[in-house]
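Biologist: I have the sequence and the structure open side by side. Can we go through it piece by piece?

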Amino acid sequence: MNKYIYNISIDCPNCAKKVERELQKDSRIESAQLDFNNKKLHVTTSLSRDEIIKMSQNISDEIFFENTYIYKAKIDCAECAKKVERALNENKSVSFASFDFPKEKLTVKTTLSKSEIEKICKDVEDEIVLLEEDIDTDDSQRNDLIKITLAVVIFIIAFISKIPYLYLISYAIAGYEVLLKAIKNIFKGKIFDENFLMSIATVGAVVLSSFSEAAAVMIFYQIGEYFQQKAVRKSRKSIKALLDISAKEALLEDGSIVSVEKIEVGSIIVVRPGEKVALDGTVIEGVSSLDEKALTGESIPVDVEVGSNVLSGSINLSSPIKIKVTKRYDESTATKIVQLIETNNDKKSSSEQFITKFSRYYTPLVCLLALIVALVVPLIIGEPFSPWIYRAMELLVVSCPCALVLSIPLSYFASIGAFARHGVLVKGSDVVEKLSKVNKVAFDKTGTLTKGELCVSSVVNLTELDILPYIASLESSSTHPIAKAIVSYYNKSLFQVSKLVEIPGKGVMGTINGQIYYAGNSKLFKSVPKVNETVVYFGKDETVLGFVTLSDQIKEDALLAVKDLKNLGVQEVTMISGDKAETCKEVANKLDLDSYHAELLPDQKLSTLKSMMGANNTVLYCGDGINDAPSLAQADIGVSMGTAGSDAAIEQSDMVIVSDNPSKISKAIKISRKTEVIVKENIIFSLLIKLIVIVLSIIGLSSMWLAIFSDVGVALIAVINAMRSGKSK
């Protein structure tokens with residue numbers, strides 16, 4: 001069965017019910033639920049995505065399915081990218097638009113056609129290039145470098161020869177594209193972009209006969225832009241390498257090579273040494289070691305054998321293995337990782353939202369200030385216009401907010417790459433921001449702090465008889481998890497059992513070496529020793545000869561997870577579980593938890609979590625099951641397990657741990673705190689430098705050189721600083 005989630009548009013509640021009702025009647029559809037309030041349609045079916053759309057529209061012409069378009073968007077100016085994003089979001093037919101300038105990625109969710117989207121973008125910035133395929137930018141960078149080098153050479157010749165008009169040639173070579181873009185934008189009524197501001201400032205210097213300064217400023221501006229773009233492209237390449245974890249094709253058992261999208265569940269694929277595992281599955285033949293570093297962040301190879309589950313995106317290191325596919329391409333681990341990283345810009349941090357609003361008003365205000373400085377101030381104080389016009393031109397250069405518009409999203413972009421390298425997937429920069437503020441952490445128990453698998457913890461013989469081979473022999477034919485755990489623990493040759501009989505609600509009885517034995521719960525015997533753990537009693541003639549206790553094993557790194565969280569200053573680390581109080585108490589004591597809450601139903605878990613939340617608390621909840629989904633959705637940050645976690649838990653969570661290791665949470669908090677420090681550094685540094693230069697320009701103590709530094713120089717420093725977010729040990 002395929003599971004689809006559609007974003008829809010429908011205004012009529014009755015029509016929505018009709019669509020849901022008619023879809024549910026179709027035998028090919030397992031389930032259909034239309035969420036009218038959230039405008040989503042959930043369908044589980046054997047039909048294709050397009051067939052469901054066609055059926056729904058035949059039922060009601062009131063329903064409309066939204067399309068998501070993702071473009072490779074080329075544009076040189078970060079502020080211009082924000083203008084395009086703003087124009088799209090202001091359109092009533094667009095429900096969501098995000099222009100991720102560092103990634104050169106434009107995402108639009110809309111009922112508009114592709115041509116209509118492109119027209120809106122072109123109306124705002126006709127220089128924008130929208131493509132559906134990735135493009136190589138090396139040629140563009142090479143041409144920019146040649147242009148800058150030529151301008152610098154001519155500038156040096158002009159300086160040595162003292163020929164002033166050579167400065168103009170140098171200026172024209174370095175700035176002709178800037179001037180051309182500015183002229184085009186003037187006819188469109190756009191006067192607040194960086195091209196216009198740089199053109200006015202440098203043309204003004206030429207008018208005032210400051211030829212050398214005009215040329216030098218434009219050259220310095222272009223050098224700053226070149227290194228700024230180089231830094232961004234370097235970051236893009238690193239994230240592209242991170243995303244390149246999916247195999248495009250797979251080798252089937254019959255020797256044919258097929259695209260991974262066409263391979264169905266149940267197919268057998270062969271993975272040779274050095275190749276990537278194309279799809280999630282189970283090993284059915286062979287023994288090997290897999291490198292899962294790209295998925296989990298763990299550098300130690302994982303040994304696999306027949307029966308081992310393997311994740312797509314891991315690399316086979318030693319011997320060929322055959323894998324039975326358990327998940328389609330669109331449901332595989334590698335695909336989900338790529339999708340989560342690529343769509344992280346859907347939710348933006350408060351810092352990004354602040355910069356978006358700030359940039360909208362900052363440039364016009366500084367330009368207005370420049371106009372006052374150029375025309376009003378000299379009239380009031382009775383001084384010549386020339387020096388004040390020069391100061392105004394400096395203000396125009398300072399007025400571009402590119403340092404912030406570019407560096408803040410890039411900081412989050414780089415940090416999300418760092419998360420992924422540690423095997424942690426984050427669904428938005430807002431999560432990174434909130435994660436840095438976490439002061440309370442609540443864990444589910446089973447599958448989160450513990451492995452979620454019963455294992456034998458003790459074997460108690462009450463007589464001289466070694467009960468383990470007997471009880472394992474009686475349980476060997478059962479498929480019950482407890483029976484499997486006992487047989488797996490013994491793992492030796494078994495006795496021959498005859499006349500094996502299952503006693504409903506109690507256990508089993510069978511004959512071994514002519515003697516009847518019983519194995520099961522306390523109802524099989526007159527009296528039994530009281531044991532708090534899960535227990536299987538063994539005996540004969542209603543007399544207990546011994547018992548086996550079983551418990552859910554604590555994960556190897558759970559203790560480290562709790563210790564690291566406390567070292568990071570987390571005020572409370574607790575456990576919220578539906579398991580028995582005795583079991584929870586034992587786990588809490590072993591892990592040194594601050595508290596625990598046991599025997600809770602899903603709604604009680606949610607109530608307990610809400611009691612932890614408050615105005616001064618940021619609460620993280622970590623779970624893996626369907627019963628955890630309400631709590632994951634309610635928590636400030638919901639964290640689910642990527643392998644053991646249910647689909648419902650993963651969908652509701654803000655963060656996914658691919659390797660299921662809870663200790664990854666503390667690593668994620670460290671990365672988020674580092675990122676927030678870098679973001680604040682860039683905001684304070686950029687605004688402070690610009691404020692200082694604005695003041696110095698007004699009082700006449702600045703220069704065009706300093707103004708250009710406060711623009712491209714500060715932007716370059718901020719970008720380099722932002723890229724530190726992606727570096728983590």
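Modeller: One term first: a contact means heavy atoms within 4.5 Å. Also, this is a predicted model.

Biologist: Fine. Which residues does Ser411 touch, leaving out those up to four places away in sequence?

Modeller: Ser411 touches Thr675, Ile678, Val679, Asn682, Ala722 and Ser725.

Biologist: And where does Ser411 lie? Buried or exposed?

Modeller: Ser411 lies in helix α13, which covers residues 402–421. Ser411 counts as buried because its relative accessibility is 0%, and the cut-off for buried is under 20%.

Biologist: Back up to the whole chain. How many helices and strands are there?

Modeller: The protein has 23 helices and 30 strands. Of its 729 residues, 51% count as buried.

Biologist: What share of the contacts joins residues at least 24 apart?

Modeller: That share is 65%, taken among contacts between residues at least 6 apart in sequence.

Biologist: Now the core. Which residues have the most contacts inside the largest nonpolar core?

Modeller: Leu435, Leu620 and Ile665 do, in a core of 88 residues. Helix α22, residues 664–699, gives the most to this core, with 9 residues.

Biologist: What does Leu620 touch, again without residues up to four places away?

Modeller: Leu620 touches Leu435, Val438, Lys440, Val441, Ala442, Ile637, Val639 and Ile665. There is also a second, separate core of 22 residues, and Ala81, Val94, Leu112 and Val124 are among them.

Biologist: Cysteines next. How many disulfides does the structure hold?

Modeller: The structure holds 0 disulfides.

Biologist: Sheets, then. In what order do the strands of the 6-stranded open sheet come?

Modeller: The order is β20-β25-β24-β23-β22-β21, and the pairing is antiparallel. The edge strands, β20 (450–461) and β21 (498–503), each pair on one side only. Neighbouring strands of this sheet are turned by 20 degrees against each other on average, with direction ignored.

Biologist: How many bridges between β24 and β25?

Modeller: β24 (residues 534–540) and β25 (residues 543–554) pair over 7 bridges, in the antiparallel sense. Lys540 has Thr543 in β25 as its bridge partner.

Biologist: What about Asn513, which has a positive phi? Where does it lie?

Modeller: Asn513 lies in the loop between β22 (507–512) and β23 (515–520). Its phi is about 55 degrees, although Asn513 is not a glycine. Asn513 counts as exposed because its relative accessible area is 67%, over the 50% cut-off.

Biologist: Which parts of the structure does α16 pack against with its buried residues?

Modeller: They pack against β20, α15 (468–475), β24 and β25. The buried residues in α16, which spans 481–490, are Ile482, Ala483, Ala485, Ile486 and Tyr490. They cover an arc of only 160 degrees around the axis, so they sit on the same side of α16.

Biologist: And which residues are exposed on the other side of α16?

Modeller: Pro481, Lys484 and Ser488 are exposed there. Just after α16, Asn491 takes a positive phi of about 55 degrees.

Biologist: Why would spacing along a helix matter for facing one way?

Modeller: An α-helix has 3.6 residues a turn, so residues three or four places apart point the same way.

Biologist: Change of topic: the hairpin of β2 and β3. Which residue there takes a positive phi?

Modeller: Lys39 does, near 55 degrees, in a hairpin with 4 residues between the strands. β2 (residues 29–35) and β3 (residues 40–45) run antiparallel and are joined by 6 bridges. Ala32 stands opposite Val43 in β3.

Biologist: Last one, Lys162. Where does it lie, and is it buried or exposed?

Modeller: Lys162 lies in the loop between α5 (138–161) and α6 (164–187). Lys162 is exposed, with a relative accessible area of 62%. Its phi is near 65 degrees, a positive value in a residue other than glycine.

Terms used. Residues are numbered from 1 along each chain as its sequence is written. This is a predicted model: local features need pLDDT of at least 70, side-chain atom pairs count only at pLDDT 80 or more; totals for chains, interfaces and linings use all residues. Side-chain values use heavy atoms; hydrogens and water are left out. Helices (H or I, at least four residues) and strands (E, at least two) are DSSP runs, numbered from the N terminus. Buried means under 20% relative accessible area, exposed over 50%, partly exposed in between (1.4 Å probe, protein chains only). Two strands pair if DSSP finds at least two bridges between them. Axes are lines fitted to C-alpha atoms, for helices over the stretch in contact, and angles run from 0 to 180 degrees between N-to-C directions. The arc is that of the directions from the helix axis to the C-beta atoms. A nonpolar core is a set of buried Ala, Val, Leu, Ile, Met, Phe, Trp, Tyr and Cys residues joined through side-chain atoms within 4.5 Å. A disulfide is a pair of cysteine sulfur atoms within 2.5 Å.
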